[in-house]
Amino acid sequence: MLETLTVQDAVELAVVERSGFVESRHAGAAVVLSPDGEVIARHGNPDALILPRSSLKPLQAVACITAGAVLEGEQLALSTASHVGTDRHAATVRDMLTEGGLTEDHLACPPAWPTDTATRDEMVREHGAPERIRMNCSGKHAAMLRACVATGWSTEGYLDPAHPLQAHIRDVIERLTGEKIAHTAIDGCGAPVHAITLTGLTRAIHRIGTASDRSPFALHRVAGSLVRAVRENPWTIEGPGRPDTVAIEKLGVFTKGGAEGVMVMVAPNGTTVGLKMLDGSARASTLVAATLLARAGALSDADVAALAEALPLSVLGAGVEVGRIRPGSGI
C-alpha cells in the first residue's frame, strides 16, 4: 500500500506552548523553492508522497480553464477556493452555474452547512438545511461543470476518474508537477485527488504562482490570471478572518491550504513553500509557511509577526492567553 511520509521522515515544524510548557508538537515535512524554482531548503522528507487535498485546487482550476471554462474575477478565484459558505460565496457560485446554463442540482459535491458561524446561525434561525452550494468545494465543482459545458462533455458523472474532464485534469497535473501520478483517491467532496510528492506539488504551485497573465503560453496566461484574481479577491479563497484570506491580505502571497495539514504559499517575489503536517492539523500551517518564506528572505520578520497576531495562535487559560503556537526546532 502506498503511504505518506513516516514519523522517521518528519521533523518538528511547530509546537504548542502552554504556560512555559511545550504541550504538543506538530511534525511534518517542508520544502522551499527559490524564485527561479530551485530547492533552497528541505525539512524532513518532502519527496514522500502526499494527497494534496484542497491544495490541489489551483492545478484543477487551471485545468478547468484550459478545458474551456470562461471565468473571470471573483468567479475565477472561487474556482480554486475552499470557501466558508457565506451568502456572498454562495451567490457567486450560483452565478457561475447560471451563466453556464446549470443549476445547483448539477453539483455532485455533498450538501453541507456553511463553516462561517454567522451564516450557519442565520440559516438555522430561518429553518434552512445543508446545501450543495454552501459546501466549501462548490466553486471547484462549478468550474468543473462549466468546463464540461464549454467542451461538450457530459455533466453526468463529471467526478468519475474515467470522465474526459478528469483525464484532462490528470494531464495538467502531470505537466505542472513534472511527475506521474502515483495513486488516485477520492477527496471529501467526491472529486478525484491524486498522490504526488510534496516537492512536485510545490513545483507546480511555483509555476502557477510565478506565471504571467501576459505570457505567450496559454497555460501560463491562465495560471497568471488565476493568481491575480485570488490576490484581488482574497475573501473568495476562504473567508473573512480565515487564515488563507488573512495571509493574502496582509502579505500579498498566493496561498492555498488543504485538509490534513497541507499548505502551499508563494511570496510576491516567487519564493514558494510547500508543507505537510504529519498529524493532519492545519492550526500552525500558515504560520510555518510564512516563517519559512521569511527565513528565505522573501518576507520580513515584521510582516510575519503581524500575520501571527491576526491568526488564531493563542493558547488560552480561563479566556486569557497563557501561551502560543510557534515554529518548531525543525525549521
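**Salt bridges and overall build of a predicted model**

The structure holds 17 salt bridges, a salt bridge being a side-chain nitrogen of Lys or Arg within 4 Å of a carboxyl oxygen of Asp or Glu. This is a predicted model, in which local features need pLDDT of at least 70 and side-chain atom pairs count only at pLDDT 80 or more, while totals for chains, interfaces and linings use all residues. Residues are numbered from 1 along each chain as its sequence is written, and side-chain values use heavy atoms, with hydrogens and water left out.

Of the 331 residues, 53% are buried, where buried means under 20% relative accessible area, exposed over 50% and partly exposed in between (1.4 Å probe, protein chains only).

Returning to the salt bridges, one of them joins Arg-326 to Glu-17, with the closest N and O atoms 2.9 Å apart. This pair links distant parts of the chain, 309 residues apart: Arg-326 belongs to strand S11 (residues 320-327) and Glu-17 to strand S1 (residues 11-18). Arg-326 is partly exposed at 35% relative accessibility, and Glu-17 is partly exposed at 23%.

Arg-53 and Asp-187 also meet in a salt bridge (2.6 Å, N to O). Arg-53 lies in the loop between strand S4 (49-50) and helix H1 (57-66), and Asp-187 in the loop between S5 and strand S6 (192-197), so the pair ties together parts that are 134 residues apart in sequence. Arg-53 counts as partly exposed at 22% relative accessibility, whereas Asp-187 is buried at 10%.

Arg-228 is partly exposed, with a relative accessible area of 40%, and Glu-232 is exposed at 52%. Salt bridges that share partners join Arg-228 and Glu-232 with Asp-213 and Arg-214 in one network.

Definitions and conventions: Helices (H or I, at least four residues) and strands (E, at least two) are DSSP runs, numbered from the N terminus.
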